[in-house]
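Work through the exercises below with the sequence and the model in view. Try each task before reading its solution.

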Amino acid sequence: MKSVHLLWHVHNDDEKLIGVYKTNADAVAAKERLRQKSGFVDTPEGFQIHEYELNQDPWPEGYVSV
């Protein structure tokens, strides 16, 4: 396994990490299981899936606050 897929739900300033999955298909399946549940049903567009490479620094140059 070289990467993982993080499933998030974002609504306004509320960000929830739902889970970390082996494949994109696993993350999509979790999203489908949750999309009709309380809270999520009101904002189904809030789901986001992001792939992250393992053992890599995602911010190698640092960051700047604006």
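**Exercise 1. Classify Glu32 as buried, partly exposed or exposed, then find its salt-bridge partner.**

Step 1. Glu32 has a relative accessibility of 41%. Buried means under 20% relative accessible area and exposed over 50%, with partly exposed in between (1.4 Å probe, protein chains only). Glu32 therefore counts as partly exposed.

Step 2. The side chain of Glu32 meets that of Arg35 in a salt bridge, 3.0 Å from N to O. The term asks for a side-chain nitrogen of Lys or Arg within 4 Å of a carboxyl oxygen of Asp or Glu.

Step 3. Arg35 is partly exposed too, at 24%.

Before going on, note the ground rules. This is a predicted model, with residues numbered from 1 along each chain as its sequence is written. Local features need pLDDT of at least 70, side-chain atom pairs count only at pLDDT 80 or more, totals for chains, interfaces and linings use all residues, and side-chain values use heavy atoms, with hydrogens and water left out.

**Exercise 2. How many salt bridges does the structure hold? Locate the one made by Lys16.**

Step 1. The structure holds two.

Step 2. Lys16 joins Asp14 at 2.3 Å, N to O.

Step 3. Lys16 is partly exposed at 33%. Asp14 is partly exposed at 37%.

**Exercise 3. In what order do the strands lie in the sheet?**

Step 1. Strands are DSSP runs (E, at least two residues), numbered from the N terminus. Two strands pair if DSSP finds at least two bridges between them.

Step 2. The order is β2-β1-β3, in an open sheet with antiparallel pairing. The edge strands are β2 (14-21) and β3 (47-53), and each pairs on one side only.

Step 3. Follow β1, residues 3-11. Seven bridges join β1 to β3, and His5 stands opposite Glu51 there. β1 also pairs with β2 over seven bridges, where His9 faces Lys16.

Step 4. Find the turn. β1 and β2 form a hairpin with two residues between them. Asn12 in this turn has a positive phi of about 55°.

**Exercise 4. Which residues make up the largest nonpolar core?**

Step 1. Such a core is a set of buried Ala, Val, Leu, Ile, Met, Phe, Trp, Tyr and Cys residues joined through side-chain atoms within 4.5 Å.

Step 2. The largest has six: Leu7, Tyr21, Ala27, Ala30, Phe40 and Phe47.

Step 3. Look around Tyr21. Leaving aside neighbours within four places in sequence, Tyr21 is in contact (heavy atoms within 4.5 Å) with residues including Leu7, Ala27 and Ala30.

Terms used: Helix = DSSP H or I, 4+ residues; strand = E, 2+ residues; numbered from the N terminus.
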